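User: Please take me through the labels attached to this model. For each one I would like the value, the cut-off and the conclusion.

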Amino acid sequence: MKILIICSTFPYPPTKGRQQLRTFHFLEYLNSRHQITLLTRRSSEVTDDELEALREQVTELVVFTTAPKDKESLGLIDRAKRLGTFIQQGTPPDILDNYSPEMAAWINQAIADSQFEILACEDRLDEIYIDSQWHQKLGVVLDLHFSEYGKYKEQLKAGDSDNELKDQINLGLQKRYEQNYLEKFSAIVTVTAQDRRIVKKLEPESSITVIPNGVDLTKFPRRITNQGGQRIVFVGNMDRPVNIDAARFLALEVFPAIRQRYPEAALELVGAKPVAEILELNDLPGIIVTGKVTSVVEYLHWATVCVIPIRQGYGLRNRTLESMAAGVPVVGSDRALAGFEVDGSTVPLRAMRANTLEEYIYAIGRLFSEPKLRERLSENGRSLVETEYTWDKVGQKYEQVLIDTPTLNT
């Protein structure tokens, strides 16, 4: 098939972020089977080498330049005006900021010339380029990385909101916005079942398929040995609020209780861009803050247990997948394990669940002292990833959605 994929976020390198990771691997899979034209945008941060590396992943690469926008300098009046525009026009400011007339003209001409059989839109940022009538002449698919409406709904429900009034306003605006733009698409893909439920309520007539993220097993091989010792690792970008909260909870509440029982226990907080709240944890006994590392998988293989005490946000956790792929036993919160079948009467035990301080102490203690339990979680976690979460597996599912997506005239 001739497929046009629109992705304003430059999807390379795949290590840069969650959106780059997902889009890059879908491109890699599809390009070996179809003719892929990728339409994307390049900021000043994108190097020529990165541009050429991405070009190798597609049949045709069309690149537009992203003009820098200084949102940090906006004052209260400017922010109020942006909110007013959102209320009046129904389109969020970040979507309007991202809009490129040149890019829109290219897309419109390509559709008018019937150059493609399928148009796939990578996330909501590019829905502004999609005409509501296009799905009468070709398949139009949205790969929705996450629902903004769902994010605000979850924050308010969980009490995680920094500004409840602002989030309540955004909740209503995002609900209206998503209801309007979701109608443009013949088919919608979500990363989680939770987002599928949200989208289905907003757009009941839509065809929605859940396709999770995957793992590159060559980059996250299962470790050879059943690692003993008393070593804990937590991995994540250390400037993200959800990871800052999790790391501090682990370091300040869970780990001191573990050290009382296991004085030789060690904790490594592994991840780039550690903020001051993370760096100060480096002064505590038994704790090392690594900053950016060359190989995350080496730290996973080194650990006795990977603890993922996420208490905020929602969505599929790539770090949970990567840890299970690497064969390290995982102790995670409900949020860290959401979407994964890891325990229960009908599935083998693949990770240990913990949400309270006592549950973390119990789970970590058992894994420190029981080699057979560590081996069991290592084998079962790796098996789950191999069976359901490789990029080839999820790529096949995405390809099938594109193949099966009808126009209104078929």
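**Labels and their cut-offs**

User: What makes the charged end of arginine 33 count as sitting over the ring of tyrosine 29?

Analyst: The charged end of arginine 33 is 3.8 Å from the centre of the tyrosine 29 ring. A charge sits over a ring if NZ of Lys or CZ of Arg is within 6 Å of the ring centre and within 35 degrees of the ring normal. Arginine 231 also lies over a ring face, that of tryptophan 302, at 5.1 Å from the ring centre. The model is predicted: local features need pLDDT of at least 70, side-chain atom pairs count only at pLDDT 80 or more, and totals for chains, interfaces and linings use all residues. Residues are numbered from 1 along each chain as its sequence is written, and side-chain values use heavy atoms, with hydrogens and water left out.

User: Where do tyrosine 99 and tyrosine 129 lie in the chain?

Analyst: Tyrosine 99 is in the loop between helix H4 (93-98) and helix H5 (101-112), and tyrosine 129 is in the loop between strand E4 (118-122) and strand E5 (139-144), 30 residues apart. Helices (H or I, at least four residues) and strands (E, at least two) are DSSP runs, numbered from the N terminus.

User: What label does the pair of tyrosine 262 and phenylalanine 368 get, and why?

Analyst: The centres of these two rings, tyrosine 262 and phenylalanine 368, are 5.1 Å apart and the planes stand at 90 degrees, so the pair is edge-to-face. Tyrosine 262 lies in the loop between helix H9 (241-261) and strand E9 (266-270), and phenylalanine 368 in helix H14, so the pair ties together parts that are 106 residues apart in sequence. Phenylalanine 368 has a relative accessible area of 8%, so this residue is buried. Elsewhere, Phe26, Trp391 and Tyr398 form one aromatic cluster.

User: How do you know that H14 and H15 are roughly perpendicular to each other?

Analyst: The axes of H14 (residues 357-369) and H15 (residues 371-388) come within 5 Å and cross at roughly 105 degrees. Axes are lines fitted to C-alpha atoms, for helices over the stretch in contact, and angles run from 0 to 180 degrees between N-to-C directions. Angles under 35 degrees count as roughly parallel, over 145 as roughly antiparallel, 65 to 115 as roughly perpendicular and the rest as oblique. H14 and H15 are therefore roughly perpendicular.

User: Which residues of H14 and H15 meet?

Analyst: Arg366, Leu367, Phe368 and Ser369 in H14 meet Pro371, Leu373, Arg374 and Leu377 in H15, where contact means heavy atoms within 4.5 Å. By class, there are five nonpolar, one polar and two charged residues. Ala, Val, Leu, Ile, Met, Phe, Trp, Tyr, Cys and Pro count as nonpolar, Asp, Glu, Lys and Arg as charged, and the others, Gly among them, as polar.

User: What makes threonine 304 buried, and what is it in contact with?

Analyst: Threonine 304 has a relative accessible area of 0%, so it is buried. This threonine 304 is in the loop between helix H11 (296-302) and strand E11 (305-308). Leaving aside neighbours within four places in sequence, threonine 304 has contacts including Arg231, Leu367, Phe368 and Arg374.

User: Why does methionine 324 count as buried?

Analyst: Methionine 324, in helix H12 (residues 318-325), has 1% relative accessibility and so counts as buried. Leaving aside neighbours within four places in sequence, its contacts include Val330, Phe340, Gly381 and Leu384.

Technical notes: Phe/Tyr/Trp six-rings, centres within 6.5 Å; stacked < 30°, edge-to-face > 60°. Buried < 20%, exposed > 50% of the residue type's maximum accessible area, 1.4 Å probe, protein only.
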